[in-house]
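Hello,

Here is the structure I promised to pass on. Please open it beside this email and follow along; my notes come after it.

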Amino acid sequence: MATPYAFFAATDNGFEPLPFAASHWSPNMVNGPAICGLLARALEQQHCADGFSPARLTVDLFRPTLKKPVTVVTELVRDGKRIRVADAALMQDGMDVARASAVFLKRSAQPPGERWTRAQSPQPPPVPVADGPTAPLWSSDDGLDGWSPRIGDHQNSARKRIWQAPLSVVEGEPPSAFAGVAMIGESTSLMTNWGTTGIGFINADLTLALARPLIGLEIGVEADSHISADGIAVGSATLFDRHGSFGTCVVTALANAARQVDFADGDPLERAGIR
């Protein structure tokens, strides 16, 4: 039977991680995109009212999430006319392993006047528009082949970017735009912390800030900055689709050199037969 293009299967006991949920750090751990997508899905489905848009998502990844069933519990913190705030906890064996908070803002008309904005929006690769999940495409300023499906082509010290249409969070359920952005946006840690010998920082959190919803299925993440000292890193990136930039993502990360992930020979999960 083919591997489902999803991170989790819904069960009577919560959500069972599927093979695509395996982490680069350990095949026995759940990866960050899966966690972020599941939390975003729950917050949006349970607390995003009509006329509102998801504007901010913060996810704290403070314990390893193992490849066994998880549950999600949410709570509405603020139910206002223009601002709604909700919290969520990802639980495993009765313990919180990750948490998230989301802000949903009421859509309205733009105020008058002109404002400064980034001069150039990142550009998507020249490929056909996706109608379902896709494998990632990679790019870097020093990459010899431009956009490439081979991750090892871009193991260098230059600015990096990724382009992908996300998998489903839950098997049999197309991902919402918000959940899709949460999953691909988590790549900010990889895009900003990946260097000449692979990635040696493991992300501790994620904060998405979204001016508008994603248009279409495909999502791009382009690194804007990496700052690190004493084993602590901060990275930021611009999120874009085929219509331009629509948000930003910021992550913090901790050094994890003992488990450095080297992409020079390709994706380690592909070599292990997981993908």
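N31 caps the N-terminal end of helix α1. One of its side-chain oxygens lies 2.9 Å from the backbone nitrogen of A34.

A word on the source. This is a predicted model, where local features need pLDDT of at least 70 and side-chain atom pairs count only at pLDDT 80 or more, while totals for chains, interfaces and linings use all residues. Residues are numbered from 1 along each chain as its sequence is written, and side-chain values use heavy atoms, with hydrogens and water left out.

Back to α1. The helix covers residues 32-47. Helices (H or I, at least four residues) and strands (E, at least two) are DSSP runs, numbered from the N terminus. How far apart are the end C-alpha atoms of α1? They are 22 Å apart, which agrees with the 22 Å that 16 residues should span. The expected span is 1.5 Å times one less than the number of residues. Of those 16 residues, 13 are buried. Buried means under 20% relative accessible area, exposed over 50%, and partly exposed in between (1.4 Å probe, protein chains only).

Now the salt bridges. The whole structure has 14 of them. Each is a side-chain nitrogen of Lys or Arg within 4 Å of a carboxyl oxygen of Asp or Glu.

Start with D93 and K68, which meet at 2.6 Å, N to O. D93 sits in the loop between β5 (83-92) and β6 (95-106), and K68 in the loop between β3 (52-60) and β4 (71-79), so the pair ties together parts 25 residues apart in sequence. D93 is exposed, at 63% relative accessible area. K68 is partly exposed, at 29%.

Next, E222 and R159 meet in a salt bridge at 3.2 Å, N to O. This pair links distant parts of the chain, 63 residues apart: E222 is in strand β14 (residues 219-229), and R159 is in the loop between β7 (137-140) and β8 (160-164). Is E222 buried or exposed? E222 is buried, at 7%, whereas R159 is partly exposed, at 33%. Both belong to a network of salt bridges that also links R118, D141, R161 and D224.

Last, D153 and R150 form a salt bridge at 2.8 Å, N to O. D153 is partly exposed, at 29%. R150 is partly exposed too, at 45%.

Best wishes

Conventions. A polar contact is a pair of N or O atoms within 3.5 Å; within protein, one must be able to donate a hydrogen and the other to accept it, and residues adjacent in sequence count only if both atoms are side-chain atoms.
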